[in-house]
Every structure is written in structure tokens, then in C-alpha cells.
Amino acid sequence: MKPGGERIDLEAPLSGDFHAVVRLIIGGIAERVDFAFEEIDDLQLAVERLLAEAGTVGSVHLSFEVGENSIRTRVGPLSEDKVARALRDGEAAPGELTLRRILQTVVDSFGVDESEDGRIVVRLEKLKGFA
Amino acid sequence: MNLHRGNSASADARRPSSPERAREEDRELLRRYHESGDTTAREELIERHLPLVRSLARRYAGRGEALEDIEQVGAIGLIKAIDRFELDREVSLATYATPNVVGEIKRHFRDKGWAIRVPRALQELNASMSGAIERLTGRLGRSPSIAEIADELKTTPEEVLEAMEVGSAYSTVSLSTGPSGDDELDPLETIGDEDAEFERSEDRAALEPALERLAPREREILRMRFEEGLPQTQIAHRVGLSQMHVSRLIRKSLALMREELLR
């Protein structure tokens, strides 16, 4: 039976040493939804780039809502202003490789929510391509 | 077409006739870059010395890391050497670059020590995954799922996921560490290999400065992925690499670019 409606919450250190652990967990979750290798890689890359921009001090909360053919990921709250700016700014100029452009390429949709303390939470949605 | 392995005919045409002439040409290119900010001269210097990087990288093959990944790390050392070269130095660029390249590679292995100690079975599974993914992609006409890869390799999805991380785990922190002057060198490693085999990516995009720090092949892969929006499978086909390798190069290139932006 395919999963649906489950949620996994994770508090992970921002230190780069733990990025591989987060990747592994994302792989495990995405495998349950039967994502393709490339789709898993895309979601891992999206989260990895967000974490890289979020600094290396403290920890970050990640939550994964597992649908039948999708994974909705929330990353944050993040305090880095530049992450918020990078995601809210308009379209990147041709040839520019911004965080926004990367996310536009590797996930199906993304958005930014403000948390109560003024920090941001980034929403990512990745759909299974051959449902 | 394999962008990295380049165009041998044009390489022959541009091959200098002697080591002395090659050094003179390097000097002229270094002058153009350092005195006039000519980035095409820098680009050409990088390409002229990639064979040296490859030669040095081969010494570190067979230690649990793909040779092309080692070359990529070594290329960072080359770029640093070009950028730091002082024109009043009496040494050739190849001689100056060699310890930089070797230092970068050694630091990479030192920082990734944990990755090299993963169980052999997982390393072997990782090595066989590329072929399995290529076969399945061809057979299914799409990127395979983890369960399909596991089935193909007669193992479990969990082991496939673990193996995916073997050899691809990559620390951005390691690339932000300082210059390589403190690394110990073998005497042979201070002697530059001036083999003038050239490589050239034919289709260059106008890219931001951080992108210019990457080797032409990596820039082209990023352009195909994020400008053309091509999936990894198509990029892999175009550049003649495995999909797993393309994935690793994309991740590494993005991490390197970020390091550059923070400099």
C-alpha cells in the first residue's frame, strides 16, 4: 500500500557534517513514495542548497508530508535574510544561477512563509513524475 | 560528445612545440590575466594545464573516489595557483601549480576520510549502480525508482540509498579551508608535467563570475540543467557521463560556486 498523509519531522544540525544524513533521510522518505532516482536527487539538491544558505550554526527543523504521489517539505525557520531575499526576488537574469532558479528547476513548486518571530520557512513540493 | 575529453584535432593544432615555448606562452597569458584582467587568458591557462591536473589526479585513483571527482578537486588547486601566481616568480606555472593541485587533492581526501572507510560491499554496490541506472533508464525510458534499482542489483532499497551516498557525500566546508601551503609533498610532486594536451568545451554561456571558476564541462552541465532545464539523464547522454556522475558534478559545482561567492 502506498503511503499518504504521513508526516516526518526532523531537527537537524546546520553543520555541513550532517547534510549527508539529511540526504539519506530524504532518500528514504522519497523511496517510500516510489520517486525515481532523479526525483530523489532533485529534492535532495533543493534541501541541500537551502541548508547551505542557512549558515552552519544551530539547527533547523525539516518536515516532510508524504502524499501518495508527492512530498511536501518545509525547511525552517531560517534566519538568513539572504535566503529570503534570494527566494522573493524576481526572475534571475539569463545566465544567472540563483537559489531561486535552482529551486524552480528541481522542485515543482516552492514558497516562503514568515514565522512568528520574523524568520522564514521555505515550502517545497516535489511531485512524482510517473504516477 | 564528451565535453571533458575535448577535441583532439584542435588540441594538436594548439600544442606548443617545446616546453620553453609553452612556458613563454603561459607567461604571456598570465600577464594578460593579472595585468589586464583578461579572463579568456585565464580560461586558456586552465585548459592548458588540465592535463597536469589529470596526471596528478591519477596518482590518487583507486582510493574510493571516482577519478573524475579527484580531477575536479585538483582543478580547484590549479585555478588557485593561476590566481595567486606572481609574475616576478622565476618558476613555471606548472611547477608552481603542482603543489597547489596535490595539496587540494590531499586535503579533499583528508576531509573525506570517513567516506573512504565505508564498507567495501557498499563501495562495490555504489560502483555497480551507475551501470544499473543506465540500463534501467534505457529499458524503462525514464529514471528508475530505488526499488527498481534494488531489484536490478538484487539488494534492498535501503542499501541502494546508502550506496548512493558513498562517494557522493561532499563537504562544502572542506572547500573553504585555506591555501595548501602546509601540505607535505613528495619530491616528484613538485615537478610539473607540461604535457600540453588541450581540452575545450565548445559551447560557452555568458555566466556570472562565480560560474567562471568552474571547469568548462561543469559550467556546461549547469547551463544544460538550469538554463535549458534538461533532466540529468539527457545531460548524461550529451556529455558521455553516467547520471550519477552528472548528479555529483552538479552538486559539487553549486557548492563551489557558493564558496566563491563567499570569498
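Chain A follows the pattern β-α-α-β-β-α-α-β-β when read along the sequence. That gives four helices and five strands. The model is predicted. Of the 131 residues of chain A, 37% count as buried. Take the contacts in chain A with a separation of 6 or more: residues 24 or more positions apart account for 68% of them.

**Helix pairs**

| Helix pair | Angle | Axis distance | Handedness of crossing |
|---|---|---|---|
| Helix 1 (residues 19–32) and helix 2 (residues 37–53) of chain A | about 145° | 9 Å apart | right-handed |
| Helix 2 (residues 19–36) and helix 3 (residues 39–58) of chain B | roughly 145° | within 8 Å | left-handed |

Start with the pair in chain A. Helix 1 of chain A brings H19(A), V22(A), R23(A), I26(A), G27(A) and A30(A) to the contact. They meet E39(A), I40(A), L43(A), Q44(A), V47(A), E48(A) and L51(A) in helix 2 of chain A. By type, the residues of this contact are seven nonpolar, three polar and three charged.

Now the pair in chain B, whose axes come within 8 Å. Helix 2 of chain B makes the contact with D26(B), L29(B), L30(B), R32(B) and Y33(B). Helix 3 of chain B answers with A41(B), R42(B), E44(B), L45(B) and R48(B). Five of the contact residues are nonpolar, none is polar and five are charged.

Helix 2 of chain B also holds H34(B). A residue needs 20 or more to be buried. H34(B) and I82(B) are 48 residues apart along the chain, yet their C-alpha atoms are separated by 9.2 Å.

**One face of a helix**

Helix 4 of chain A covers residues 99–106. Its buried residues are L99(A), I102(A), L103(A) and V106(A). The spacing follows a general rule. An α-helix has 3.6 residues a turn, so residues three or four places apart point the same way.

**Strands of chain A**

Strand 2 (residues 59–66) and strand 3 (residues 70–78) of chain A run antiparallel, joined by five bridges. A hairpin of three residues connects strand 2 of chain A to strand 3 of chain A. Within this pairing, E65(A) has R72(A) in strand 3 of chain A as its bridge partner.

Strand 3 of chain A also pairs with strand 5 (residues 120–127) of chain A. These two strands run antiparallel as well, with seven bridges between them. Here T73(A) has L124(A) in strand 5 of chain A as its bridge partner.

**Where the chains touch**

How many residues of chain B are in contact with chain A? There are 35, and they touch 25 residues of chain A. Several helices of chain B each supply at least two residues to this side: helix 8 (146–152), helix 9 (157–165), helix 11 (216–226), helix 12 (232–239) and helix 13 (243–262). Helix 13 of chain B gives the most, with six residues. The side of chain B that touches chain A has 20 nonpolar, eight polar and seven charged residues.

Notes
Residues numbered from 1 in each chain as written. Chains lettered and ligands numbered in written order. Predicted model: local features only at pLDDT ≥ 70, side-chain atom pairs only at ≥ 80, totals over all residues. Axes fitted to C-alpha atoms, helices over the stretch in contact; angles between N-to-C directions. Left-handed = near helix turned anticlockwise from the far one by under 90°. Contact = placed C-beta atoms within 7 Å. Nonpolar A, V, L, I, M, F, W, Y, C, P; charged D, E, K, R; others polar. Buried ≥ 20, exposed ≤ 12 C-beta atoms within 10 Å, placed from the backbone. Pairing = 2+ DSSP bridges.
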